[in-house]
Amino acid sequence: MTSKRIAVLTSGGDAPGMNACIRAIVVACEGAGHTIIGYEHGYNGLLEQNWRQLDSKKVHNIIQRGGTILRSARCKTFKEDASGQLAANNLDELAIDALIVIGGDGSFRGAVHLGKFWKGQVIGLPGTIDNDIYGCDATIGYYTAIDTAVSSIDKVRDTADAFERIFLVEVMGRHAGFLGASAAVAGAANYVILPELFTDPQTTLNDIQHQLTIHRQRYGHESYIIVLTENLWPSGINALAESLETLTKGEVRPVILGHVQRGGSPVSQDRILATTLGVQAVRSIEQGKTAIMVATDRGNVVEVALEDTWQHKKELGDSLTHCMLTMLNERHHWP
């Protein structure tokens with residue numbers, strides 16, 4: 001087998017497990033006799049030729065660390081043809097044979113853009129807490145983000161129970177409801193507002209009022225937890241809280257979890273997923289593959305054309321949706 005020079009970068013929002021993935025790539029490359037370098041700050045490092053040599057010693061003891069040792073960033077200028085050509089020139093200058101990009105759909109769009117100017121291999125690995133990448137079971141960081149959100153919901157419920165209040169908990173997810181749905185189910189929330197189910201504000205407010213009335217008839221003035229995904233409610237979570245206070249004549253407290261969901265030590269599922277994908281990415285490079293995302297689908301490692309990852313929409317799935325509606329928003333249908 002011919003040894004290769006391989007580069008890796010992390011781009012876009014960071015996700016727990018990115019370090020585990022970098023480690024797996026480095027160890028797999030070293031074991032196969034390949035040279036591996038890492039670009040700093042995503043595509044910015046590629047444009048600025050800001051890189052460093054990687055080896056197993058440099059990635060020792062990072063599997064449990066959140067964030068990314070290569071740092072991450074967004075790079076709006078990478079959409080330009082001049083940037084694509086500059087990146088190609090920089091890769092050729094270092095005699096790089098293949099580039100591995102760990103990130104979300106924006107990072108994958110950048111990888112496809114690069115492929116218009118560079119003849120080397122480009123492999124994408126899904127790394128985002130949003131889990132909104134088509135063609136995979138889960139993205140690196142998703143499981144840890146669920147854990148973080150559930151832990152926060154548990155703490156919020158303690159306060160909600162003490163004061164018998166309504167609490168709104170806003171989770172991340174960008175424009176997808178995977179994180180919100182999973183966190184709501186695992187956290188035993190009472191209601192969840194997701195982009196996949198949202199119709200309009202008034203319908204949602206009426207539904208919440210109806211279900212809250214049933215909840216109080218059944219349990220009295222107990223706590224009530226509503227999970228909301230970001231970028232969804234017009235004018236934001238505070239506006240929703242004000243509307244609910246007017247509607248319910250009670251106290252409503254908004255809680256925005258924010259970027260805390262991106263941090264923390266990755267849980268075991270993310271470490272295993274990241275390691276599996278990192279090793280498989282190196283194997284795909286050895287097999288001459290390019291312009292693909294390496295991921296898992298129904299437990300099996302798969303290869304998906306990079307363009308398919310954003311041209312198709314990833315659905316919540318019937319099982320999760322049914323579970324969510326049964327346990328949360330349709331609780332009033334229980335016998």
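Strand β10 (residues 292-297) is largely enclosed by the rest of the structure, because 5 of its 6 residues are buried; buried means under 20% relative accessible area, with exposed over 50% and partly exposed in between (1.4 Å probe, protein chains only). Strands here (E, at least two residues) and helices (H or I, at least four) are DSSP runs, numbered from the N terminus. This is a predicted model, in which local features need pLDDT of at least 70 and side-chain atom pairs count only at pLDDT 80 or more, while totals for chains, interfaces and linings use all residues. Residues are numbered from 1 along each chain as its sequence is written, and side-chain values use heavy atoms, leaving out hydrogens and water.

**Partners of β10**
- Two strands pair if DSSP finds at least two bridges between them.
- With β5 (121-126), β10 pairs in the parallel sense over 2 bridges, and I292 is the bridge partner of I123.
- With β11 (residues 300-305), β10 pairs in the antiparallel sense over 6 bridges, and M293 stands opposite V304.
- β10 and β11 form a hairpin with 2 residues between them, and R298 in the turn has a positive phi of about 55°.

- Contact means heavy atoms within 4.5 Å; not counting residues up to four places away in sequence, T139 touches P126, T128, N131, I133, D270 and L273.
- D270 and L273 are among the buried residues of α9.
- Helix α9 (residues 268-286) has 19 residues and reaches 28 Å from its first C-alpha to its last, close to the 27 Å expected, where the expected span is 1.5 Å times one less than the number of residues.
- Just after α9, look for G288, which takes a positive phi of about 85°.

**Two pockets**
- On a 1 Å grid over the protein atoms alone, a pocket is an open set of points where a 1.4 Å probe fits, with protein on both sides within 12 Å along at least five of seven lines; lining residues have an atom within 4 Å of a point.
- Grid points are joined across faces, edges and corners, and a volume is the space filled by probe spheres set on the points.
- The largest pocket holds about 770 Å³ of space, and of its 34 lining residues R74, D105, G106, S107 and R174 are the closest to its centre.
- Helix α4 (residues 105-115) gives the largest share of that lining, 7 residues.
- The second largest pocket holds about 260 Å³ and is lined by 15 residues, with C136, D137, F178, K314 and E315 nearest its centre.
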